[in-house]
Amino acid sequence: MLRREIKERPDWKALAQRYGFGFHSMYDKPYWDESAFYQFNLQQIEHDLEAPTEELHQMCLSIVDKVLRDEQLMRRCAIPEAMWDQVRASWLRNEPSLYSRLDFAYNGSGPAKLYENNADTPTSLFETAFWQWVWLEDVVNQGVMARNADQFNILQDYLIERFREISTLQPGQILHFSCCKYTEEDKGTVQYLEDCAKEAGLQTAFVYVEDIGVSRQGHFVDSNDREIRWMFKLYPWEFMFEDPYSVHLATANVNWLEPMWKSILSNKALLPLLWQEFEGHPNLLPAYFSDDAKATTLKDYVIKPLFSREGANIEIVREGRSTVKTDGPYQSELSIVQQYAPLPKFGDNYTLVGSWLVNDRAAGISIREDESLVTQDMARYIPHVIL
């Protein structure tokens, strides 16, 4: 695994605008960064990332099944009791999932270490599935990159295929897509997924989360008062459970993407439960609930709230001393501790590998890098190649 510098395409910003990639830079700082790329060999991809991703995913699914059969574990995962029956029914009905992403610390050798599972609302999808592939085609066609250069990236093909599969469960239904207002990155992700759904032959519509209403019958409706029966929402389940309209979830009769059982997988309580069930697995880090006596056995560790995103409210403790602490809106007494395993450093950059899944299959990787040990929302996105 190597970080190599490369000359940027002279017209890439204009090309990005043409493709609707308006968030390639944020707050006058680059988000997409093609001044470098990460180089892997096939063994690293297939053995160290692809295979463990699929194995860990199945392990995570086994934890979901265990949690949903144990009220104590449901409480551990901070699932509101009023939602237990609905979450459990979602799993027992085998409601289909679309995609998810596992985040790894990986330096090119040795087992990749799982940091967490982004199973409910993972972003950077457009950049991974489409834009980094466009970059690779361009640099190969321009003679800058070798003709045999490849990329671990079947994500777009798998997404379109998956939309076709699950559309057979909702024949003739419109698939609504939704995200919050004023979030350009989220809107870009949702628009890209809607394009994939259209490519698969689905009828689609878009509505902002803030514009969703409730009919007299307790059904959700869009801004045109059209009933919502099938929806992809880039909005976390833990937010939905706490929103005032959560009382209507039982009567709304919506088929959700992602399904409600994903509230277990997107919860950092998953990490100590995985360690409890599969202690010693080479791709797992020791992890415990913060009130577990075993947590005190960790000398260097990371404190993570059960619910947090984009590196917010993370604290790194080494030798009993807090060395890194990030701000954010997820302050909570509900937390876990995970053994400290620092991200690999390439030059001045700490590098995180995201490994994507669609319908249980590993589908590609994304690379984020930051000057901080904690990968946060402004971390740069760097393309990759296989040589």
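I began with F40, whose bridge partner in β22 is I386. The model I am reading is predicted.

Strand β4 covers residues 36–40 and is joined to β22 by three bridges, the two strands running parallel. I then asked in which order the strands of the sheet lie. The order is β1-β4-β22, in an open sheet of three strands with mixed pairing. I noted β1 (2–5) and β22 (384–386) as the edge strands, since each of them pairs on one side only. From one strand to the next, I found that the twist averages 35°.

*Entry on the helix across the sheet.* I looked up what lies across β4 and β22. Helix α2, residues 42–67, does so, and its direction is at about 75° to β4.

*Entry on aromatic pairs.* I recorded 24 aromatic pairs in the structure. I took W91 and W261 as one of them: their centres are 5.1 Å apart, with 75° between the planes, and the pair is edge-to-face. I checked where the two residues sit in the chain. W91 belongs to helix α4 (residues 84–92), and W261 to the loop between β12 (255–257) and α10 (262–265), so this pair ties together parts 170 residues apart in sequence. Are W91 and W261 buried or exposed? I found both of them buried.

*Entry on F126 and Y192.* I looked up the geometry of this pair next. With a relative accessible area of 7%, F126 is buried. Y192 is buried as well, with a relative accessible area of 5%.

*Entry on charges over rings.* I asked which ring has the charged end of R361 over it. The ring is that of Y158, and the charged end sits 3.8 Å from its centre. I also noted R76, which lies over the face of F289 at 4.1 Å from the ring centre.

Terms used: Residues are numbered from 1 along each chain as its sequence is written. This is a predicted model: local features need pLDDT of at least 70, side-chain atom pairs count only at pLDDT 80 or more; totals for chains, interfaces and linings use all residues. Side-chain values use heavy atoms; hydrogens and water are left out. Rings of Phe, Tyr and Trp (its six-membered ring) pair if their centres lie within 6.5 Å; planes under 30 degrees apart count as stacked, over 60 as edge-to-face and the rest as tilted. Helices (H or I, at least four residues) and strands (E, at least two) are DSSP runs, numbered from the N terminus. Buried means under 20% relative accessible area, exposed over 50%, partly exposed in between (1.4 Å probe, protein chains only). A charge sits over a ring if NZ of Lys or CZ of Arg is within 6 Å of the ring centre and within 35 degrees of the ring normal. Two strands pair if DSSP finds at least two bridges between them. Axes are lines fitted to C-alpha atoms, for helices over the stretch in contact, and angles run from 0 to 180 degrees between N-to-C directions. Contact means heavy atoms within 4.5 Å.
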